[in-house]
Amino acid sequence: MNCFQYKDGVLRAEGVRLDALAEKVGTPFYCYSTATLERHYKVFAAAVPAGSLVAYAVKANDNLAVLKTLAKLGAGADVVSGGELAKALAAGVPAGRIVFSGVGKTKDEMRAGLEAGIHQFNVESEPELAALDEVARAMGKRAAVSLRINPDVDAKTHAKINTGTAETKFGIPFGHARAAYALAAQMPGIAIAGVDVHIGSQITELAPFETAFTRIGELIATLRGDGHTITRLDLGGGLGVPYEHNNTPPPDPAAYGAMVTRVTRDFGCTLSFEPGRLIAANAGVLVSRVIYVKRGDARTFLILDAGMNDLVRPAMYDAFHEIVAVAEPAPGSPRPKYDVVGPVCETSDLFAADRALPELKSGDLVAILSAGAYGAVMAGDYNARPRVPEVLVAGEQWGIVRPRESYADLIAKDRIPDWLAG
Ligand SMILES: *Cc1c(COP(=O)(O)O)cnc(C)c1O
């Protein structure tokens, strides 16, 4: 469900015309829908057992206005860096609802988390455990910890976002779990709280989740047998979203929640979740203008003003994004095929190959859909292309929640050393 629909011949974000917005803010720009963000959060929170912590994975979309929208609904935050921690706190997420994940937390980041009084650290290796113990002891604190255990389950998703198989950089291998908990139990700066599992992203079947969660349930019993107190279980994120409208959609949050409820019923743990993509992906679009239509012998290239530096998912993960014209095409109008590309000097700057779209000409607007997660957050300024603005819509209202960078902003990022000055 999303709130990007045609009305009176124009694609709108809730009550706001995207063509009018393009005139006001210029192109390209990201546009997010408050109603869609809210709905996705509420549907997920209602689907999982009552009393669970839903910690939105900030890395999916870390715009402060997006975070604030979710914080107002009671969302927690799953952060993977000191920067994300600072943004979550600045957006009003209570520290007690923040979970700190990530394989390479530095001691400074650990200190910041302990200082803030976050809910828990999800620790991904033995060396990280030792570092956290040291930092916590030096501060006279005990860090609440869940160890991220790798259940050795293939999430059946793209290799670049598959994280739960035996040998990845993420988590502690299942076979090392008991030893890692025994180690943690010896550390005065560590308070064992629970177990954490996250097997990957854009997962479109329930079976890998169920296999992983069942395996983790068995581990919880073993760990309790070893004398550890396990009261929390963090089930991570990873539930996929529909990117292609004519594909079978992934399981909905209700089916996921029902499975989780059934599988974890007897675990005796308070649950937490870290959904990112599910909340944000279909709550955002990237609006772009056609610069040129270049006709070759075999292919026609639609050259957009947005490029891979603005939205890298197609180049990085071969991701599919639905692309639509902002002006609603007449029913039955022709749909020629285009290679939709950006202006960046890379062959991989390709949003879609051989894609049937309405007839488009220079100056027309298109919207690249499902761009609310892993879109703006992954953007860069390669080819000295200033970062594009982000706009948040709520009903008839809209606001620029991140302004467009200027050339002056770009230039101001660099410094000239003394010997080149003058
Ligand atoms: C990326 C990530 C998430 C969010 O994944 P989604 O697929 O966006 O739901 C949650 N937890 C951890 C540890 C992650 O790395």
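These legends describe close-up views of a predicted model.

**View 1. The chain is assigned two domains.** Domain 1 takes in residues 4-31 + 281-412. Domain 2 covers residues 102-273. Taken over C-alpha atoms, the centres of domain 1 and domain 2 are 35 Å apart.

**View 2. Domain 1 and domain 2 bury about 900 Å² between them.** Carbon and sulfur atoms give 53% of this area. Y317, F320 and E322 stand out on the domain 1 side: they supply 46% of the area that domain 1 buries against domain 2.

**View 3. Twelve residues of domain 1 are in contact with nine residues of domain 2.** Two residue pairs are in polar contact across the interface, both at pLDDT 80 or more. The count of salt bridges between domain 1 and domain 2 is zero. On the side of domain 1 that touches domain 2, six residues are nonpolar, three are polar and three are charged.

**View 4. Three strands form an open sheet in the order β1-β2-β3.** The pairing is antiparallel. Strands of a sheet pair through backbone hydrogen bonds. β1 (4-7) and β3 (16-17) are the edge strands, and each pairs on one side only.

**View 5. β1 pairs with β2 in the antiparallel sense.** Four bridges join β1 to β2, which spans residues 10-13. Within this pairing, F4 stands opposite A13 in β2.

Definitions and conventions. Residues are numbered from 1 along each chain as its sequence is written. This is a predicted model: local features need pLDDT of at least 70, side-chain atom pairs count only at pLDDT 80 or more; totals for chains, interfaces and linings use all residues. Side-chain values use heavy atoms; hydrogens and water are left out. Domain bounds come from an automatic or database domain assignment. Contact means heavy atoms within 4.5 Å. Buried area is the accessible area (1.4 Å probe) that two parts lose on being put together, summed over both. A salt bridge is a side-chain nitrogen of Lys or Arg within 4 Å of a carboxyl oxygen of Asp or Glu. A polar contact is a pair of N or O atoms within 3.5 Å; within protein, one must be able to donate a hydrogen and the other to accept it, and residues adjacent in sequence count only if both atoms are side-chain atoms. Ala, Val, Leu, Ile, Met, Phe, Trp, Tyr, Cys and Pro count as nonpolar, Asp, Glu, Lys and Arg as charged, and the others, Gly among them, as polar. Two strands pair if DSSP finds at least two bridges between them. Helices (H or I, at least four residues) and strands (E, at least two) are DSSP runs, numbered from the N terminus.
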